[in-house]
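Good morning, and thank you for joining. I would like to take you through one model, beginning with a hairpin and ending with the chain as a whole.

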Amino acid sequence: MLENVPSVVLFAGDGKTAYRDPAILYHGGSFHLYFTLVETEPDGLIYSYVAYSKSKDLVAWSEIRKITEKNQSLNYSSPGNVIRFGDEWWLCFQTYPRPAYAAGQPIRFGDEAARLYVMRSTDLDAWSAPELIRVKGDHVSPEDMGRMIDPYIFEDKGQPGKYWCVFKQNGISLSHSEDLRSWTFFGNIQAGENPCLILDDDKYVLFHSPHNGIGIKSSTDLTAWQDWGNPIMLGQEHWDWAKGRITAGAVADLRNEADVGKFVMFFHGSGPLSEMEGDFDRNSSIGIAWSDDLRTWEWPGKGK
């Protein structure tokens with residue numbers, strides 16, 4: 001399947017559109033891709049959404065569908081992942097409030113009201129209303145939780161039924177829960193944003209985004225972490241569309257899927273300008289790469 005993907009770019013941004021922060025679920029023979037869709041409207045106002053598309057072959061994708069509302073005071077975005085809990089699917093994401101934000105203004109990031117949310121579905125089609133994830137515990141009011149973005153939820157490798165949420169706050173913070181509703185804060189580690197976590201050889205492997213590139217850390221216990229060398233830069237030196245930044249790597253372990261047989265990474269690149277120069281809400285594109293060992297990466301057209 002991967003050999004038939006014609007381009008490293010799956011969704012190409014332009015001067016009024018950005019595709020960012022991919023999250024992937026491979027289920028039922030299809031790739032379910034969730035991502036941030038940023039659009040600049042004719043009046044100049046800029047809105048962010050959690051959006052969705054799916055594909056069976058990574059070539060033909062369904063029409064993009066927005067699954068969150070249009071509201072600059074919320075700007076739901078940055079989906080982390082989808083997990084199965086009970087008889088439902090749970091999708092986690094953030095708010096990224098930027099009221100009255102418009103093209104031509106200085107680049108503005110989400111304000112201090114940014115929080116983490118989840119939606120639930122029985123069919124990956126119809127979703128519940130967003131619900132706040134109180135990762136600091138029920139005793140901490142939503143107003144006192146502090147700015148937080150980029151959630152990702154996973155099950156503990158040694159304690160089935162115990163779940164962790166990692167998110168961007170003071171590095172990468174961790175909280176745990178047994179019902180995905182009541183959470184206990186655990187602590188934090190030094191890392192960038194957009195965390196994604198998988199298991200490999202009974203180790204937790206954490207992908208995160210420093211200033212540029214995709215970093216990797218590993219741990220056996222979620223406490224002591226080891227860096228895996230320099231950030232992954234993929235083909236950035238050859239890609240004008242990602243010259244500004246490579247970031248937000250979402251990795252799925254599909255080695256046991258006969259049609260795939262690899263680790264597959266979805267990421268976004270922005271450029272040719274840096275994000276602070278303007279290519280944050282525009283000219284951001286989602287790309288794809290794959291690997292056998294998480295260290296050496298391939299992509300469509302590599303070496304050509």
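Let us begin with strand β14, which six bridges join to strand β15 (residues 203-209), the two running antiparallel. The model is a predicted one: local features need pLDDT of at least 70, side-chain atom pairs count only at pLDDT 80 or more, and totals for chains, interfaces and linings use all residues. Residues are numbered from 1 along each chain as its sequence is written, and side-chain values use heavy atoms, with hydrogens and water left out.

As for terms, strands are DSSP runs of E with at least two residues, and helices are runs of H or I with at least four, numbered from the N terminus. Two strands pair if DSSP finds at least two bridges between them.

β14 and β15 form a hairpin with two residues between them, and Asp-201 in the turn has a positive phi of about 55°. Across the pair, Glu-193 stands opposite Ser-209 in β15. Six of the eight residues of β14 (residues 193-200) are buried, so this strand is largely enclosed by the rest of the structure. Buried here means under 20% relative accessible area, exposed means over 50%, and partly exposed lies in between, with a 1.4 Å probe and protein chains only.

Within β15 we find His-208. Is His-208 buried or exposed? His-208 is buried, with a relative accessible area of 8%. Neighbours within four places in sequence aside, the contacts of His-208 include Glu-193, Asn-194, Ile-214 and Ile-216, where contact means heavy atoms within 4.5 Å.

I turn now to another sheet region. Four strands form an open sheet in the order β6-β7-β8-β9, with antiparallel pairing. Its edge strands, β6 (82-85) and β9 (131-132), each pair on one side only. Strands β7 (residues 88-94) and β8 (residues 116-121) pair over six bridges, and Trp-89 stands opposite Ser-121 in β8.

Finally, the whole chain. The protein chain has zero helices and 21 strands. Its radius of gyration is 18 Å, close to the 19 Å that the globule rule gives for 304 residues, so the chain is as compact as a globular protein of that length. That radius is taken over C-alpha atoms, and the rule is 2.2 Å times the number of residues to the power 0.38. Of the 304 residues, 57% count as buried.
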